[in-house]
Amino acid sequence: MQLRNRQDFWSGVMFIALGLGFAWQASSYQMGTAARMGPGYFPFWLGIVLALLGAIVLLGSLSKKAHETHVDKFDWRIVFLVVGSVVLYGVILKLLGVYISVFVLVVVSSLASHEFNLKVAVANGIFLVVFTYLAFIKGLGLIFPLWPSFLGMN
Amino acid sequence: MELFDNLMMGFSVAFTPENLLYALLGCILGTLIGVLPGIGPVPTIAMLLPITYVLPPVAGLIMLAGIYYGAQYGGSTTAILVALPGETSAVVTVLDGHQMARNGRAGAALAIAALGSFFAGCVATLLLAAFAPPLAEVAFKFGPAEYFSLMCLGLVGAVVLASGSLPKAIAMIILGLLLGMVGTDVNSGVARFDFGVPELQDGIDFAIVAMGVFGFAEIMTNLEQKENRVDITDKIGTLYPNKQEFKEAAPAVLRGTALGSALGILPGGGAVLSSFASYTLEKKISKNPQRFGKGHPAGLAGPESANNAAAQTSFIPLLTLGIPGNAVMALMVGAMTIHNIQPGPQVMTSHPELFWGLIASMWIGNLMLVVLNLPLIGLWVKLLKVPYRILFPAILVFCTIGVYSLNYNPFDIFTTAMFGIIGYVWSKLKCEGAPLLLGLVLGPMMEENFRRALLLSRGDFSTFVTRPLSATLLAVAVFLVILVALPAIRKKREETFVEED
C-alpha cells in the first residue's frame, strides 16, 4: 500500500475525524425516534455519513490508480500576519477605537506581502481610515467605538 | 396581460431615484471586483451583507444582484485585455477574447462581449418574469417530503456540475449541513454544538464562514504566489465590430442565450458550466473549428452571452422555490432573511414589489452596465494596475468592519479569522468552499423538512419515495450522481474542467 494522493488522504482523515466528532457530540443530545426526532437524530446520522464519505475518499487515495498529488507547503508567515492582524484588530477595537485599529490592521497585514514598503503601507492605512470614516461612519451610520476608551471621547 | 401589469409595477419600483442609485452602485462595485483578479462576488457580497441591513430590503437586494451580474461583465474585461479571468465564468472568454485583443481588435471584443451579455440579460430577465409565477404555483403543492427531496437535488446538482472530486464535494456539503446545526434547535430549544459559548447559540452566520473561507483564505493563497504580473493590452482600438465579426457573433449570441438560460435554471448549473458548454457547442457546429482559440468572434460571443443569461436565470430557483442554486444565491437567501423575508414561492404574493422590482432592476442594471462599461474601459484598465499589496489590506478592512457590524461583537471577528485558517487548509487539500456554503444555508431548512416529513408519515422513511413528486426529484438526483460516476463521463468532465485550474 502506497500513499499516492496526499491531498485526498488528509481530506479523508479530516472528514472522518469531523464526522465522528459531530456524531459523538450529537449522541449526547436526545435522539428520539424517526417519528419524533430529538435534537440529536439528524446531526448524528449526518456525522456518520460524513465519516463514511471520508473513508471512501481515504481509501480512494490509497488505490493504485489514484492521481499523485502533494499538499503544498503552508506559508505560516503569511497566515500568522494576515490572521494575526485581524485578531489583533478584534482585540484592540473596543479599547483603542476604530480609527487606530483600522490603521494597525492595514500596516500589520501589509507585512505579509513580499513587496512590503512602509511608506506605501502607512499611506494606504491613512487612506483607508479616511475611507472608513466617510463610507461607514458618516455614510452608513454604523456604530463603532471611535476613539480610545480611556480618552472618554466617545 | 398580468405579466405586463406586474412588470410595470416592477419598473415603477425600480425607477425610484433611490433604487436606481443602488442598482448603479451595485453595478459599479460588481464591475470593479470583476475586473480585479483575486476578489470575486462571493466575498464581496458576504462583506456587504451586514451593511444592507440599514437599507430597505428592495434596495439591498437590488444592489447585491447588481454586484453579481456586474462581476460577470467586469470579469470579461480583464479576461480580454489581460488574459486573466477575473471570474471563473470568464475562463472561456480568455481563449478567443484575448486572441482578438492581440489581433488589435480589443475594442471590438469588448463591445461584442458587452452587447452579447446585454442581449442575453434582456432575454433571461423576460424568461424570469414569465416562468417564475407558474413555477411558484407548483411550489405551493410541495409538502415537507418534496422540499427535502428538492434540496437533495439542488445540493447534488451543485456538486455534480462543479469541478473537482465528487465524494469530497459531497463531504463538504454534509460538513456544511452539520455546521448549520450549530446553535439552538428550533424544535426542542436545546443548544447544539455550542461548547458552552453563548455566542454560538445563535448559530454561525454564513457571512462569517463565507468571508473566512473565501475572503481571507483567498488573500493568503494569492499572497503566496509571488506576483506574476502580466502585460496589459493598452491599445483598445475601435469599439465597433466590423460586418464580418458581427455576422459571426450574432447567431452565437442567440445560441449562447438559449443554452445559458436553460442551464441557469438547473440548481447548481450556473454561469461556469454554461460558458463551457456554449464554447464546446460553438466549436462543434462551426464550419471552421480550427479558427477557435485564435480569435473567433463566435468563441467569445457564445460563452459571454451564456454566462450572463445563466447568471440571471439562476434567480428562478431562488425566487420560486427558495432554494439557492449557487454560493451567491445562498448569500441572497441570507440578505432576505436579514429582513425577515422567507425566500420561497410566497415572496411573490407577500412582497410583490420586491419580486417584480428586483426583476425590473436587473434589466435596468444590464442597460447601465453596457452604457457604463464601454466608455469606462480606459478607467478599468488603469485600475488593473493597482498592486495587490494595496488591495488586500483594503479587503481585510471591509471584511472586519462588515463582520463586526453583524452583531457589534468582536467574537465574530475571531470566528472569521478561524474560518480563514480553516479555509487556507482546505485550499491546500483542494476541498471546495462553495458546496459547504450551500449546505450551511440549507442545513436548518433541510432538517426542519426532514423532521416534519417523518412526523407526518409516523416515522416511515418510504414517504420520500411513495409521494410521486418527491420520488421524481430524488430519482433525478440519483441519476445525476450515477451519470457523473460513469467512467466515460467522468473522463469528459475532468477534461472540461482541466482548463480551469
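**Helix 16 of chain B and its surroundings in a predicted two-chain model**

Helix 16 of chain B has 20 residues, which at 1.5 Å a residue should span 28 Å, and its end C-alpha atoms are 30 Å apart, in agreement with that value. The expected span is 1.5 Å times one less than the number of residues in the helix; helices (H or I, at least four residues) and strands (E, at least two) are DSSP runs, numbered from the N terminus. The structure is a predicted model, in which local features need pLDDT of at least 70 and side-chain atom pairs count only at pLDDT 80 or more, while totals for chains, interfaces and linings use all residues. Residues are numbered from 1 along each chain as its sequence is written, and chains are lettered from A and ligands numbered from 1 in the order in which they are written.

The model scores ipTM 0.89 and pTM 0.79. The mean pLDDT of chain B (pLDDT being the predictor's confidence in each residue, from 0 to 100) is 80, and 89% of the residues of chain B reach 70 or more. Among the elements of chain B, the highest mean pLDDT, 90, belongs to helix 17 of chain B, and the lowest, 58, to helix 21 (residues 487-498) of chain B. Where pLDDT is low, the predicted coordinates should not be read in detail.

Chain B contains 21 helices and 2 strands. Of its 501 residues, 60% are buried; a residue is buried if 20 or more other C-beta atoms lie within 10 Å of its own, exposed if 12 or fewer, and partly exposed in between, with C-beta atoms placed from the backbone. Two residues are in contact if their C-beta atoms, placed from the backbone, lie within 7 Å. Of the contacts in chain B with a separation of 6 or more, 79% join residues 24 or more positions apart.

Between the two chains, the contact takes 60 residues from chain A and 54 residues from chain B. On the side of chain B that touches chain A, two or more residues are given by each of helix 7 (166-181), helix 8 (206-224), helix 16 (388-407), helix 17 (410-429) and helix 18 (433-456) of chain B. Helix 16 of chain B gives the most to this side, with 11 residues. By class, the side of chain B that touches chain A holds 37 nonpolar, 11 charged and 6 polar residues; Ala, Val, Leu, Ile, Met, Phe, Trp, Tyr, Cys and Pro count as nonpolar, Asp, Glu, Lys and Arg as charged, and the others, Gly among them, as polar.

In helix 16 of chain B, 15 of the 20 residues are buried, and the helix is mostly covered. Just after helix 16 of chain B, Tyr408(B) takes a positive phi of about 55°. Helix 7 of chain B is largely enclosed by the rest of the structure, because 15 of its 16 residues are buried. From its first C-alpha to its last, helix 7 of chain B reaches 23 Å, close to the 22 Å expected. Gly183(B), with a positive phi near 120°, follows helix 7 of chain B.

Not counting residues up to four places away in sequence, Leu331(B) touches Val42(B), Ile45(B), Ala46(B), Leu49(B) and Ala210(B).

In chain A, Phe144(A) is found in the segment after helix 5 (118-139) of chain A. Phe144(A) counts as buried because it has 20 C-beta neighbours inside 10 Å. In chain B, Asn340(B) lies in the loop between helix 13 (327-338) and helix 14 (346-350) of chain B, and its phi is positive, near 60°. With 7 C-beta neighbours inside 10 Å, Asn340(B) counts as exposed.
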